[in-house]
Each structure stands twice: as structure tokens, then as C-alpha cells.
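These are my notebook entries on a protein chain. I wrote down each item as I looked it up.

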Amino acid sequence: MQLHFSPSMRSVTISSSNGLIDLMKIKVAARHISYRTLFHTILFLAFLLPFVFILTALVTLEGVNKCSSIDCLGRRLGPKLLGRGDDSGRLVKDLYNILNQVNTEQVPADLKIPDNFTHLVSEINSNTYSAKDFAIVLKGMMERSEKEIRESKLQELMNKHFAASSVPKGIHCLSLRLTDEYSSNAHARRQLPSPELLPLLSDNSYYHFILATDNILAASVVVTSAVQSSLKPEKIVFHVITDKKTYAGMHSWFALNPISPAIVEVKGVHQFDWLTRDNVPVLEAMENHNGIRDYYHGNHVSGANLGDGTTPRLFASKLQARSPKYISLLNHLRIYLPELFPNLDKVVFLDDDVVIQRDLSPLWEIDLNGKVNGAVETCKGEDLWVMSKRFRNYFNFSHPLVAKSLDPNECAWAYGMNVFDLRAWRKTNIKETYHEWFKENLKSNLTLWKLGTLPPALIAFRGHVQPIDPSWHMLGLGYQKNTSIESVQKAAVIHYNGQSKPWLQIGYDHLRPFWSKYVNYSNEFVKNCHILE
């Protein structure tokens, strides 16, 4: 930036630093200039020069140093500064109007849609598109991408469902080898527990846990984690219930791998005299009802009614609801605990997909205030994905019976780790209510609810649930990979509810170690069956 005064002091010229462009020239009249006038002129120039310097710098940066007119500067250096209008607002408004118009129109079926962004740019260079034509092409590309993403997600969910419903090769091998061992090894058939310990099976001074499962590996983890986490393992009694086909293998495992000093009892459902069709109408219904057989053993994909409006989340819930495990008698056994264990007063019922990380003996000291079921509520908590379950999440409130009988906003609670006061339970009609609603759902062709044994239990236990501290039971490790590791470490019981069980390949790798550290990989049967290899 240079400032030149003419010899006669009649003009002042402001030019660029290279002297090629005269930015401003001020002529002074021929009359005598007073010092006051000169002072004011210099003061004015001192105020003006910084702005001229900034404008010149912008011109240089934009490579327009050949700009020699005020109009050029106006176009280049800011319409608002030099009085020219800004068209950006109008352009945005026009673009919005075009997009809004295209939003209500269908993409022509014969429209050639570019495969990717590179092809789109090539099409634009080789063809003259109107703004509307371009918007339609862009809409077609987005709709195609959304469809492909949705189809890919649904296929992933379908594969995950079948993986979760199948029995891993290693676990199947473990069951077969242990069953064979039961028939050939007398030690595998030894009485559990030993005769001198039988009286402790009904001793209410001990901590009695009940576990119903046909998964030998999962059962071993539950029992091992409970015993290792206990401050008084010698006071623990585990009642493991399994089905007839798994009984021999389950018995072999705990006979050959005793969890001292705890006591373990293994019983098959066929060994309970009370479990007859007269006492368990659920059993007959599951065996003979055609609707149940078709629903749980039929074509799960076609039965899920997959349509254009089916979201991946809805599709996942429909597939999960059709899991055959929901018609397993083992899954319904918990409603018959007072009859199966008539001499016990208080028990803790555990699912087979949990891990115990803390001493659970304080659960027997919790005051249930005369209620039957001590459980963690699932309608409140920091994790909104897991802890936001209310009755509306489980029941079909468009059905008149459900709408009349239940409150959609009532808080749900969790199965998986429950403290049951069997003395209080025997004074209620919980079992009868459970049967009544189960039969109503069958009559309604499974339209009252779809998902498993929790919905009828939510109804049967209404008014009989005592909420316990959420730190006792953390849920969601089987269907949410974003689970907080810090929260997992603090929980007394962690629950891998959901499809991604830790013994499956689809389990979450960062959550599996909390479970797998209780697997005895040095065991001969585990090694030979290549568990989780």
C-alpha cells in the first residue's frame, strides 16, 4: 500500500504495493489549503486506510489483482459491504421449494439412476439437468440406498436369529460325551448330593438357588461363579433342573466336577411326580395346540409378516418372539416353585445366561414387605434401551381384554435373578392367574402377547412384586454391545439376556470375558469339544 502526494499538493493517490493499480485518487481544489483542512484529511485517510488494506489483501488472495473497477471490487469483495445484493438466501429458498416439490412425487420406474457419486458427477457433466431433474435423480439414489441398507439389516437379523436358535457344535458335543460317560462310568452316576448331605436340600438355614436349564456349559458357569463369589460357599445349595434328554449329561458334569464346598442337586423334570398334565395345563397346551406348534416351529421368516413397512427393530422383535425356547417346560417351571420345593421358604431363581460377581447372601436378608417376588424394575434407569420397559412393550393393547384389564404405563420387572418368598407365594393365586391368562392367549390365537413367559408372569405377580436395588441385576448384555464396562464390573449379577449369548459366536467379544473366565478350559470334555475355539 503506497500513499503519493503530488508536488503541488493538489492531489493524493492511494495505490497497491506494486504500483500497478491506483485504488483511490483525491483531488484538492486550487485554493490555499489550511493546516486544519490538511489535518482533517490525514485523519480521514488514517481511518480509511485499514479498510482499503483489508480489501486489497482479499483481492490478492483471490487472484484478482487485475480487478481495476469499483464494480469488480463490489462483486469480489462482499456484496453487503459495497451495496450489492446477496442471492444466497434466495437460492436456498428456491432449492428448498424444489426439494419439497420432489418429495411428493414418485421417482419414474424407467429413470436411469447413477450407481455412485462418481457416475452422478459424470452424468451432470455430460447432460444438462434442470434443478428439478437433478433433485429427482438424487431422490432415486437415496431411496435405492435406503432399500439396500434395510434389506441388508433384515438379512443380518435373520441370520442372527437362526444362529441364536441353534445349538453350537461344541455344546452339543459336550452333552453327547457326558451322556456317554454317564452310561459307562459309575463315578459319573454317583448320587448327587451324597446321602449324608440329603437333609441339607430342605434346610432353610442354607442359601438355596434354583436353576432350570438344558445347557450344561451355561449351568457350570452359573454355579461356579456363584460359589467363587460367595463369602460363605459352604452354605450354598444349588438345585439344577433339566429335561430328560439332558439329565444324564448334566448329572455327569457335576458328579465329575464337584463345586466344593457347595452342594449341588441335579433333577430331571421326569423325576418330579407333581409335574403332570392335570397340575400343569401349560404342558398339555404346548404339546397339543396346533397354533403354538406352527408359531414356534413353523417358518419364522414368513410368519413374521415381513413387508415394506416392517422396520428392522420390529422384525427383530417378531423373530425373537418365535424362539422355540418360549415353549420349553423349563422356561415355565418357575411358576411352580412352591409345589416343586414344598419344604423351602425362600429361594433365589437364576436364569442360565447370568454370571454372579458378588456375594448374594444379603438377598436373603432383604425385607420383601410381605410380597412374593423381589425383582429389579426395568422401567427406569440410565440405559434407556434396556431400562425403559413398561406393560405396553409386552402386551397388545389394541385387544379389548388387555385394554380393559391392564395399564400400559405400569412398570415391568425382570426375570433372571429373582428372590422368591415361597411361604408368601403359597397364600396367593399366582399360579391360577398365570394359567387363566395363558389359556386366554391361546383362545385369542396368541394375540394378547407374543413374547415368552414374562408377559403372563407380569400379570400373575401384579401386586406381589417388591422392587430391589438395580445393582443386584444388570440386564442387556446379550442384545446391546454399548453396555458400560464400568457398570458391568459393579453389578452383582450380569445377565446376557438377548440373542448374543456369550457361548455363541455372535456374542459380543468385549463382554464375553466376564462369562468365559468361569469356563474350565482345562477340563478334558471341554478341550475335546473345542468349546469357543
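**Entry 1: after a helix.** Which residue with a positive phi follows H18? I found Asn 445 there, with phi near 60°. I noted that the model is predicted, that local features need pLDDT of at least 70 and side-chain atom pairs pLDDT 80 or more, while totals for chains, interfaces and linings use all residues. Residues are numbered from 1 along each chain as its sequence is written, and side-chain values use heavy atoms, with hydrogens and water left out.

**Entry 2: the chain as a whole.** I counted 22 helices and twelve strands. Helices (H or I, at least four residues) and strands (E, at least two) are DSSP runs, numbered from the N terminus. Of the 533 residues in the chain, 45% are buried. Buried means under 20% relative accessible area, exposed means over 50%, and partly exposed lies in between (1.4 Å probe, protein chains only). The chain exposes about 28,500 Å², and carbon and sulfur atoms supply 54% of this area. Accessible areas come from the Shrake-Rupley method with a 1.4 Å probe; for residues, only the protein chains shown count as cover. I also looked up contacts, meaning heavy atoms within 4.5 Å. Among those between residues at least 6 apart in sequence, 70% join residues at least 24 apart.

**Entry 3: helix H18.** I returned to H18, which covers residues 430-443. Its 14 residues reach 20 Å from first C-alpha to last, close to the expected 20 Å; the expected span is 1.5 Å times one less than the number of residues. The buried residues of H18 include Ile 430, Thr 433, Tyr 434, Trp 437, Phe 438 and Asn 441. I recalled that an α-helix has 3.6 residues a turn, so residues three or four places apart point the same way.

**Entry 4: salt bridges.** I used the definition of a side-chain nitrogen of Lys or Arg within 4 Å of a carboxyl oxygen of Asp or Glu. Side chains of opposite charge can pair when their charged atoms come close. How many salt bridges does a search of the whole structure find? It finds twelve.

- Lys 431 and Glu 339 meet in one of them, at 3.5 Å from N to O. This pair links distant parts of the chain, with Lys 431 in helix H18 and Glu 339 in helix H15 (residues 337-340), 92 residues apart. Lys 431 counts as buried because its relative accessible area is 17%, whereas Glu 339, at 26%, is partly exposed.
- Asp 509 pairs with Arg 512, their closest N and O atoms being 2.8 Å apart. Asp 509 is exposed at 59% relative accessibility, while Arg 512 is buried at 13%. I then noted that salt bridges with shared partners join Asp 214, Asp 243 and Lys 245 into one network.
- Within that network, the side chains of Lys 245 and Asp 243 meet at 3.5 Å, N to O. Lys 245 is exposed at 62%, and Asp 243 is buried at 16%.

**Entry 5: Phe 272.** I found Phe 272 in the loop between strand S6 (263-268) and helix H10 (281-288). Is Phe 272 buried or exposed? Phe 272 is buried, because its relative accessibility is 8%. Not counting residues up to four places away in sequence, Phe 272 touches Ile 241, Lys 267 and Leu 340. The C-alpha atoms of Phe 272 and Glu 339 are separated by 9.9 Å, although these residues are 67 apart along the chain.

**Entry 6: nonpolar cores.** I took a nonpolar core to be a set of buried Ala, Val, Leu, Ile, Met, Phe, Trp, Tyr and Cys residues joined through side-chain atoms within 4.5 Å. The largest has 67 residues, and Phe 209, Phe 238, Phe 254, Leu 350 and Ile 494 have the most contacts inside it. Helix H8 (residues 216-229) supplies the largest share of this core, nine residues. Apart from this core lies another of 44 residues, among them Leu 275, Ala 375, Tyr 415 and Ala 460.

**Entry 7: His 473.** I located His 473 in the loop between strand S11 (465-467) and helix H20 (485-490). With a relative accessible area of 1%, His 473 is buried. Leaving aside neighbours within four places in sequence, its contacts include Val 376, Tyr 415, Met 417 and His 495.
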